[in-house]
Amino acid sequence: VTITTRMLVSHLSGIRHYEKDITKVKEEKEKANRALKLTKSHQDKEQKEKEDKGIEKSDGVKQKKEHDSETKSRHSKPGRNDKELEQEEYYLKEKFESVIESLKIFKNDPLFFKPGSQFLYSTYGFTLLSAVVERASGQKFTDYMLKMFRDLDMLSTVLDDNEAMIYNRARCYIYNKKGRLVNAPYVDNSYKWAGGGFLSSVGDLLKFGNALLYSYQAGQFKNRNGKLLPGYLKPGTVAMMWTPVPKTEVSWDRDGKYAMAWAVVEKNQQYGCCRQQRHYASHTGGAVGASSVLLILPEELDPETLGAWPVAPPRGVVVTIICNMQSVSLNSTALKIAREFDKEKRAQ
């Protein structure tokens, strides 16, 4: 078979994730699809009832539903039912000297499907991708990434190395089987630097988000006699990264599709004065004792005003949340925050 880097970056390679049993993976996928269909069916039924009655639910009822949902989420114990976190490989303690060496974990395992035919989120797919970067660049993947972080002024973003003394390193927590908060166990993330092996800060992730947003929008602005610097990436490169790829899916955002290392929701409005879907890109992160999200909501630019000074990129909202607790769902919270800031900006 042929596996391309584009397949790897969009999780279409067929390389397994932490679960080795393909039967269990299929069962979990079918269960998730059934749950999604039931949810959608229930929402369609509610919408039809509202249309038949010709009335909208009152704000009080809506607020009660949101409150009940938040209460349920608050009192549930994160990580208790997360299948991924039950896998032994998630807690590896072996130290790997290079990403090439870490390929031995999965290199002899069969593919779960023909590359390009299906979507399966795979941390090991990104481990292979990091090996490609290592061979293509002629230097260690970690050295390559740290130089890139320096170029982006992300000086607080470092390898999650247990031995190193890292200033302001946060302690991480998990819930144990009894539902009590305890310190997260020791792990060594050298087997998956690309898929979850870096430590960062909110400030650094905001810089990263703004650098991408600037690159995405820079080509749309007039240069102002050379005063506008080029983006870190070409506008077309970011646009390609944020274009949904067929046959993909996103577990944490039902409106989205997977693109190239990003979950993307496309701009969409089917009916006048009804639900409007804004274009944004996001990605969540999960590790032993930690959760995170980075969400970028580009501003909808007016072509007629793009040349007017002082309007300049980046234009939009970037939200990042880092939580030192395992299995905390953050994408919907980030989206709500982004929409509030966007709403306030439009009102000005």
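Modeller: Before we start, a contact here means heavy atoms within 4.5 Å of each other. Among contacts in the chain with a separation of 6 or more, 65% are between residues 24 or more positions apart.

Colleague: What kind of model is this?

Modeller: This is a predicted model: local features need pLDDT of at least 70, side-chain atom pairs count only at pLDDT 80 or more, and totals for chains, interfaces and linings use all residues. Residues are numbered from 1 along each chain as its sequence is written, and side-chain values use heavy atoms, with hydrogens and water left out.

Colleague: How many helices and strands does the chain have?

Modeller: The chain has 10 helices and 9 strands. These are DSSP runs, numbered from the N terminus: helices are H or I with at least four residues, strands are E with at least two.

Colleague: And how much of the chain is buried?

Modeller: Of the 348 residues, 34% count as buried. Buried means under 20% relative accessible area, exposed means over 50%, and partly exposed is in between (1.4 Å probe, protein chains only).

Colleague: Let's do the sheet. What is the strand order?

Modeller: The order is β5-β6-β7-β8-β9, an open sheet of 5 strands with antiparallel pairing. Two strands pair if DSSP finds at least two bridges between them. In general, strands of a sheet pair through backbone hydrogen bonds, either parallel or antiparallel.

Colleague: Which strands are at the edges?

Modeller: β5 (257–258) and β9 (316–323), each pairing on one side only.

Colleague: How many bridges hold β7 and β8?

Modeller: There are 7 bridges between β7 (residues 280–287) and β8 (residues 290–298), in the antiparallel sense. G286 has S291 in β8 as its bridge partner. T284 stands opposite V293 in β8.

Colleague: What about the turn there?

Modeller: β7 and β8 form a hairpin with 2 residues between them. G289 sits in the turn and has a positive phi of about 85 degrees.

Colleague: And how many bridges join β6 to β7?

Modeller: β6 (residues 263–265) and β7 are joined by 3 bridges and run antiparallel. V264 stands opposite A281 in β7.

Colleague: Where does α10 lie?

Modeller: Helix α10 (residues 331–347) lies across β7, β8 and β9. It runs at about 150 degrees to β9. Axes are lines fitted to C-alpha atoms, for helices over the stretch in contact, and angles run from 0 to 180 degrees between N-to-C directions.

Colleague: Salt bridges next. How many are there?

Modeller: The count comes to 15 salt bridges. The rule is a side-chain nitrogen of Lys or Arg within 4 Å of a carboxyl oxygen of Asp or Glu.

Colleague: Which partner does D342 have?

Modeller: R278, at 2.6 Å, N to O. D342 lies in helix α10 and R278 in the loop between β6 and β7, so the pair ties together parts that are 64 residues apart in sequence. D342 and R278 are both buried.

Colleague: And K147, who does that pair with?

Modeller: K147 makes a salt bridge with D151 (3.1 Å, N to O). The two are 4 residues apart in helix α6 (residues 141–151), so about one helical turn separates them. D151 is partly exposed, at 45% relative accessible area.

Colleague: How far apart are the closest N and O atoms of R315 and E299?

Modeller: They are 3.6 Å apart, and the pair forms a salt bridge. R315 is partly exposed at 22% relative accessible area, and E299 is partly exposed at 24%.

Colleague: Now D204. Where is it?

Modeller: D204 is in helix α8 (residues 202–218).

Colleague: Buried or exposed?

Modeller: D204 is buried yet has no salt bridge. The nearest side chain of opposite charge is K207, 4.2 Å away. For charge, Lys and Arg count as positive and Asp and Glu as negative; His and the chain ends are not counted.

Colleague: What does the D204 side chain join in a polar contact?

Modeller: The side chain of T157, at 2.8 Å. A polar contact is a pair of N or O atoms within 3.5 Å; within protein, one must be able to donate a hydrogen and the other to accept it, and residues adjacent in sequence count only if both atoms are side-chain atoms. Leaving aside neighbours within four places in sequence, D204 is in contact with D153, M154, L155, S156 and T157.

Colleague: Last one. Where is Q118 found?

Modeller: In the loop between α4 (99–102) and α5 (123–137). Q118 is partly exposed, with a relative accessible area of 38%. The C-alpha atoms of Q118 and G14 are separated by 7.3 Å, though the two are 104 residues apart along the chain.
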